[in-house]
Amino acid sequence: MDKPFKTIEEQVELLEARGVATDDGTPEVLLREGYYSVVNGYKAPFIDKEKSESAKDDRYLPGTSFADIYALFMFDRELRMLFFKYFAIAEEALKTTSAYCFSEAHIGEKEPYLDASNYDTSPNQIGLLLSDFNTALGRKPHRKPKRKLYLEHYSKNHDEVPIWVLMKYLTLGQAFKFYCFQPESIRNEIAKAFSSLYANDHEKPIRISPRRLRLAYDHIKDFRNICAHDERFYCAKTSPSRDIAVTDVVNDMQLVLSKNTYVELLAQYAAMLLKLSNSLGPDVLNKVLKEMKVESIYGAFSVNE
């Protein structure tokens, strides 16, 4: 086996042999968090590429400590937890505005979200989404829905389940599809709603187009999934061209969060970066910031007025 089992003691010895300074706390971290998650996950900025190529295995930059690698690991975990909280707020905004504008366009219709003719997309795409809706409502006998008391209540006590109730069940991905599959007229109304919300908080209103809103939530959706699956966040890149980084999604969030909420996010984000800057050497820190597209910790977090 080229990846045989190693005891904690052997893992510590391996790190030291490769140029990583360990300490008394290293064994506990390795046992609690795992070598693969901490070291393999966050070693990249600390690797000495020339020495590694020569040795045919990992070699670390002079002065690298396990505490440094673990600091980056903890920073990324805290970063995921921070953004997951605000992604949830952004998700609720999309669900609420989409449900409102859709319902306003279909006043008097019973469960219009189940009518494929009310969408602007291919039969296959809308068919999958409508199938998810019917599963959630318990109307597909061969698929057992997850038990949701609020859906059961409306199904038993009312003659329909409104879209704003069903939205609570949907994932962000499903809500995003719901928005994307709307006719242009409704997508325009949803984008206008976000533009209005933005104008209420800022001295300089901006027009948020349906396309810009779609791109923002496409990025938010992808980074939210990274958080949910506990994957590396700080260096993640999304979109088909793999060029959307953390800083890009921070800018997207300004369009869909209230100003006060966005300022809260920025303040906590900046504090985390400052804390990291005190834990890592300048060369490694610059590599991390480059991955995140953060040009400068100071002055990088401004709010459009």
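Colleague: How many salt bridges does a search of the whole structure find?

Modeller: The search finds 17 salt bridges. Keep in mind that this is a predicted model.

Colleague: Which residue does aspartate 58 form a salt bridge with, at 3.9 Å between the closest N and O atoms?

Modeller: That is arginine 18. Aspartate 58 sits in the loop between helix H4 (49–55) and H5, and arginine 18 in the loop between helix H1 (8–17) and helix H2 (26–33), so the pair ties together parts that are 40 residues apart in sequence.

Colleague: Is aspartate 58 buried or exposed?

Modeller: Aspartate 58 counts as buried, because its relative accessibility is 19% and the cut-off is under 20%. Arginine 18 counts as buried too, at 18%.

Colleague: And what about lysine 43 and aspartate 58, how far apart are their closest N and O atoms?

Modeller: They are 2.7 Å apart, and the two residues form a salt bridge. Lysine 43 lies in the loop between H3 and H4, and aspartate 58 in the loop between H4 and H5, so this pair ties together parts 15 residues apart in sequence.

Colleague: Which residues make up the network, then?

Modeller: Arg18, Lys43 and Asp58 are linked in a network of salt bridges.

Colleague: Let's move to H5. Which residue pairs with glutamate 91 in a salt bridge?

Modeller: Lysine 95 does, with the closest N and O atoms 2.9 Å apart. Both residues are in helix H5, and they are separated by about one helical turn because they are 4 residues apart. Glutamate 91 is buried, and so is lysine 95.

Colleague: Now helix packing. At what angle do H3 and H5 pack?

Modeller: Helix H3 (residues 35–42) packs against H5 at about 95°, and the axes are 9 Å apart. That makes H3 roughly perpendicular to H5.

Colleague: Which residues in H3 meet H5?

Modeller: Ser37, Val38, Val39 and Tyr42 do. On the H5 side, the residues they meet include Phe66, Ile69, Tyr70 and Arg80. By class, the contact has 8 nonpolar, 1 polar and 2 charged residues.

Colleague: Last topic, the largest nonpolar core. Which residues touch the most other members?

Modeller: Phe83, Tyr113, Leu166, Tyr217, Tyr269 and Met292, out of 89 residues in that core. Helix H5 (residues 66–105) gives the most to this core, with 16 residues.

Colleague: Take leucine 166. What is it in contact with, leaving aside neighbours within four places in sequence?

Modeller: Leucine 166 is in contact with Tyr113, Phe133, Ala136, Leu137, Leu151 and Val161. Of these, Tyr113 is also one of the core residues that touch the most other members.

Notes:
Residues are numbered from 1 along each chain as its sequence is written. This is a predicted model: local features need pLDDT of at least 70, side-chain atom pairs count only at pLDDT 80 or more; totals for chains, interfaces and linings use all residues. Side-chain values use heavy atoms; hydrogens and water are left out. A nonpolar core is a set of buried Ala, Val, Leu, Ile, Met, Phe, Trp, Tyr and Cys residues joined through side-chain atoms within 4.5 Å. Buried means under 20% relative accessible area, exposed over 50%, partly exposed in between (1.4 Å probe, protein chains only). Helices (H or I, at least four residues) and strands (E, at least two) are DSSP runs, numbered from the N terminus. Contact means heavy atoms within 4.5 Å. Axes are lines fitted to C-alpha atoms, for helices over the stretch in contact, and angles run from 0 to 180 degrees between N-to-C directions. Angles under 35 degrees count as roughly parallel, over 145 as roughly antiparallel, 65 to 115 as roughly perpendicular and the rest as oblique. Ala, Val, Leu, Ile, Met, Phe, Trp, Tyr, Cys and Pro count as nonpolar, Asp, Glu, Lys and Arg as charged, and the others, Gly among them, as polar. A salt bridge is a side-chain nitrogen of Lys or Arg within 4 Å of a carboxyl oxygen of Asp or Glu.
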